[in-house]
Amino acid sequence: MEDDEYDPSEQEITEYCEWLGMDIEKEKALTWIAREALKAPLPEYWKICYTEDREVYYFNMRTGESIWDHPMDAYYKSLFKQEKAKLEKKRKKMRLFSGSMPIVPLQTLFSDLSEDDWALPIPETLCDPIDFTLFVDPVVLPTSGRTVSKHTIVNNRWRDPFSREYVENRRLIHNVDKRHEVDAWLAKALAAYFTQITYPPELVAWAASPSSVSVPPEGQYDFANGLAVVMKILPYLLDKEEEVCLEGQRNVLKWMETAYNIQETSEASSTGRRKRTTQHRVLSDVKASRHPCIAEVVNGLQDTGALLSPLLTMSTSASLETLALLLSYHPSFRAHPCFSNFSPEVLNVLQLAEPDVSSMATYLQSLPFPHKTNNTDHLVKMKFLYIVLDSPRALNVLSEYQWSHAFPIVCAAFTCLPATPDHATLAIRQLRGLDGWPCNVKGCPVEVVKWMVSLGMTEGVSAQQRTLLLYDILVSAGEVVMLSYKKNKDVVLKAILESAGMGPRDMTYAAMLGSILVFNEISKIEEFSRDQMLQMHIANALLPRLTRFQWRPKHFEATLKSIIGLLSNAPLAGWGVFKADRIEFLLKELCKKKKNCSELRVKLETLEATEKRLQQSYAINSWLILATKLRKEKHDKASARRQDIIIERMANLVTIMTVLLNMRLKPKVARRPEVPDNEHTPHYVDDVEKQPQAPGVTSKRPIPTNKADRDTTMHSSVTLPPI
């Protein structure tokens, strides 16, 4: 049988594909190599021979070489490797993933449109002579010289439909001139297609108007019909290597942007009209109702995947910007199955893979702070960083990168994108999720730290995120940010008060930040009086600082008095925060000082005995309540007794704090070097024998001559309550 008459079966093609190592499902476009290899003729000087067992082998009459495989097998195996590499490179460029839609040529859409739907006729010279559709990849057949679409010859089993001769793929000649003619007609047809959904000029001008109270123009635009026209062409714009498809994607983006601009202007106009008289408001509302909201039309779609999947498959700058626009106005779409919970392959499609982010970081590092850029591709990536972070998965993509790479992106994203409260909240979440936070804050330049503080001061930002950020910065940067906190004290206090009621963890951070502010005299405990429990937690967080850090005497006195007053007014609420461990802590701290003061030693013994007695009473009462519960009896008396014990223990804590107050405010004893008997110097307050002071020694405050003056020299006149 001659080679031209031989037509390999599908089974033979499949077997040869397996021999080549081809994955038919993923590399179906390369099956032509197997068909061509099976029909390939023998090279010159080669002939088929048979063994005694009728096994085929090949003999070279010129060299005398004998081989078992076809002489052309090595060539086609090499050809397969080359074509596979090209295919993988193309797929990588196309950023295809498991959910990608198949690429359908744009010519298919216009070929399928009926004359009723489409007024632009297709020239016969641009149609395939076999299936009468627009040429797709036109090639010249070497056997008949006719031009057909490549899929025509493939579907005809690689035979010329006019001469019925077999045609090898390598012998096909691309008809470049015909391709250019088709592209020119497609560009004209695409422009005509989008004229169906062109907005009225007066509506576009109104949407771009800076006035928020302007009256919308007369007339009506059908957004539902416009969206239907857009969704009809989307599956045919997937080929990013075709310029006409890229132009179509840009047209879709322009239409979507205008639609949402109209929506925003309509909402702003409605808000402005509410300030007018009722008559004008009703008239304007009637006019506004003629322009339906695009968001309502999109939300009403039965199959949102038909809108999202094509845009995701395109993976171009225009398509991703359109996708980001939709996900910004419709946050519920972020949970759609087509995004696969933002898996790594989807992140690659969104251009957030490691090479993309690293490339963007390198570019932004070369820019001065705050790394502002107008690069459209980078801005789209920054939008998706926010979208992915605000999705159900809450993925912070930048957390996997070094601080030096990730921080410029966080800074540029907040600087370049609209500075909305939502964006500020997401920027804080990004910042706090970076590798090295908050340790790296200490090494940042002053201007960078101030920028972080200004981010936390943004109005409308989540109080929880604001409090966490301000606490981390204050702990890491310290004195660098104190002035900023003082200037914006009202904003900081508001954030603390709002975040305190969100949960136990938020209360902890709010109290810790509040305690630092009180310690540094930026605020007072009384300024948190709106939330009594927050005051209690701040006081609890301040206790270690009261005994281990240096305070100004007046500030120490005022703060401790505030805590004492707070606990005296609400002992039961205070017990829920302080518990017994704080009483034990203060007693231990005071015990360290009792060696040098006999008066303190006596008082501590009384306080410790009282606390030990109350501990035993509390333990007995707890067992009593448990026993009554087990017997299913009422335990009102026991509960009332417990409250009395708690009040006594809190009173004991107040007494301990009062002792601490007097101890910290009492002047220290001066050292007394030996001096001659004939010298006389002023004496000091002390509970030991007074001694004269040597000449030339710097003197502390002398003892006043009368008791009234002596009281005024103390830091405080607080007296101990009776025990």
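The following legends describe close-up views of a predicted model.

**View 1. The hairpin of strand 1 and strand 2**.
Strand 1 covers residues 46-50 and strand 2 covers residues 56-60; the two run antiparallel and are joined by 5 bridges. Together they form a hairpin, with 5 residues lying between the strands. Within the turn, Arg54 has a positive phi of about 65°. Two pairs of facing residues can be located in this view. Trp46 stands opposite Asn60 in strand 2, and Cys49 stands opposite Tyr57, also in strand 2.

**View 2. The open sheet with strand order 1-2-3**.
Strand 1 and strand 2 of the hairpin belong to an open sheet of 3 strands, in which the pairing is antiparallel. Strand 1 and strand 3 (66-67) are the edge strands of this sheet, and each of them pairs on one side only. In a regular strand, side chains alternate between the two faces of the sheet.

**View 3. The open sheet with strand order 5-4-6**.
This open sheet is built from 3 strands, again with antiparallel pairing. Strand 5 (147-149) and strand 6 (173-174) stand at the edges; each has a single partner strand, so one side of each is left without a neighbour in the sheet.

**View 4. The pairing of strand 4 with strand 5**.
One of the residue pairs consists of Pro138 and its bridge partner in strand 5, Ser149.

**View 5. The packing of helix 20 against helix 22**.
Two packed helices are described by the angle between their axes and the distance between the axes. Helix 20 (residues 463-477) and helix 22 (residues 489-500) pack at an angle of about 120°, and their axes are 8 Å apart. Angles of 65 to 115 degrees count as roughly perpendicular and those over 145 as roughly antiparallel; helix 20 and helix 22 are therefore oblique to each other. The crossing of helix 20 past helix 22 is left-handed.

**View 6. The residues in contact between helix 20 and helix 22**.
On the side of helix 20, the contact is made by Ala463, Gln464, Arg466, Thr467 and Leu470. Helix 22 contributes Val491, Val492, Ala495, Ile496, Glu498 and Ser499.

Terms used. Residues are numbered from 1 along each chain as its sequence is written. This is a predicted model: local features need pLDDT of at least 70, side-chain atom pairs count only at pLDDT 80 or more; totals for chains, interfaces and linings use all residues. Side-chain values use heavy atoms; hydrogens and water are left out. Axes are lines fitted to C-alpha atoms, for helices over the stretch in contact, and angles run from 0 to 180 degrees between N-to-C directions. Helices (H or I, at least four residues) and strands (E, at least two) are DSSP runs, numbered from the N terminus. Angles under 35 degrees count as roughly parallel, over 145 as roughly antiparallel, 65 to 115 as roughly perpendicular and the rest as oblique. A crossing is left-handed if the near helix is turned anticlockwise from the far one by less than a right angle, and right-handed if clockwise. Contact means heavy atoms within 4.5 Å. Two strands pair if DSSP finds at least two bridges between them.
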